[in-house]
Amino acid sequence: MKELLLVCIGSFFGGGMRYLVALLHERLIGPSAVACGLFPWATFAVNVIGCLLIGLFTGIAASGHLPTQWKLVLITGFCGGFTTFSTLMNENYLLAKDHLLMLAIYTLASLALGMAALVVGYKMAEAL
């Protein structure tokens, strides 16, 4: 139960930071660029920053300099709440070391099935 609380704390702050980036984007550039067919800079920035952070935190953890509790807060919680894309990229990196076929399957399946599930969700919502 303690581990879950640590992940929740990290997720709270990660999700909050994601929202703040979106607000900053809106103030600097205007409303959601995606709705206007423009490049989604806020999401792009969050994904890149999230990848940098999860790489940094995972690297520190691998060297034994990050206690398990902080791994839960920073990697699983904060990065997961900030952007799940960083987790996808981190898992791809770990697979790329020794399992190139699994990397290809995981990446392609994640993108293809994720998009298919999204479309099905939209269609389900339209049917309501």
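User: Which helix gives the most to the nonpolar patch?
Analyst: That's α2, with 3 residues. Helices here are DSSP runs of H or I with at least four residues, strands are runs of E with at least two, and both are numbered from the N terminus. By the way, this is a predicted model: local features need pLDDT of at least 70, side-chain atom pairs count only at pLDDT 80 or more, and totals for chains, interfaces and linings use all residues. Residues are numbered from 1 along each chain as its sequence is written, and side-chain values use heavy atoms, leaving out hydrogens and water.

User: Ok, which residues make the nonpolar surface patch?
Analyst: L24, L28, I29, F39, W41, F44 and V48 make it, and it covers about 750 Å². A patch takes residues with over 30% relative accessible area and no salt bridge, joining nonpolar side chains (Val, Leu, Ile, Met, Phe, Trp, Tyr) within 5 Å and like charges within 9 Å. Areas come from the Shrake-Rupley method with a 1.4 Å probe, and for residues only the protein chains shown count as cover.

User: Which helices each supply at least two residues of the patch?
Analyst: α1 (2-28) and α2 (41-62) do.

User: And where is F39 found?
Analyst: F39 sits in the loop between α1 and α2. F39 counts as partly exposed because its relative accessibility is 41%; buried means under 20%, exposed over 50%, and partly exposed is in between (1.4 Å probe, protein chains only).

User: Switching topic: how many salt bridges are there?
Analyst: The count is 1, where a salt bridge means a side-chain nitrogen of Lys or Arg within 4 Å of a carboxyl oxygen of Asp or Glu. E126 pairs with K123, and their closest N and O atoms are 3.9 Å apart.

User: Why can side chains pair like that?
Analyst: Opposite charges can pair when their charged atoms come close.

User: Where do E126 and K123 lie?
Analyst: Both are in helix α5 (residues 100-127), 3 residues apart, which is about one turn of the helix.

User: Is E126 buried or exposed?
Analyst: Exposed, because its relative accessibility is 59%.

User: Zooming out, how many helices and strands does the chain have?
Analyst: It has 5 helices and 0 strands, so the pattern along the sequence reads α-α-α-α-α.

User: What does the C-alpha trace span?
Analyst: About 45 × 40 × 30 Å along its principal axes.

User: And what share of the chain is buried?
Analyst: Buried residues make up 23% of the 128 residues.
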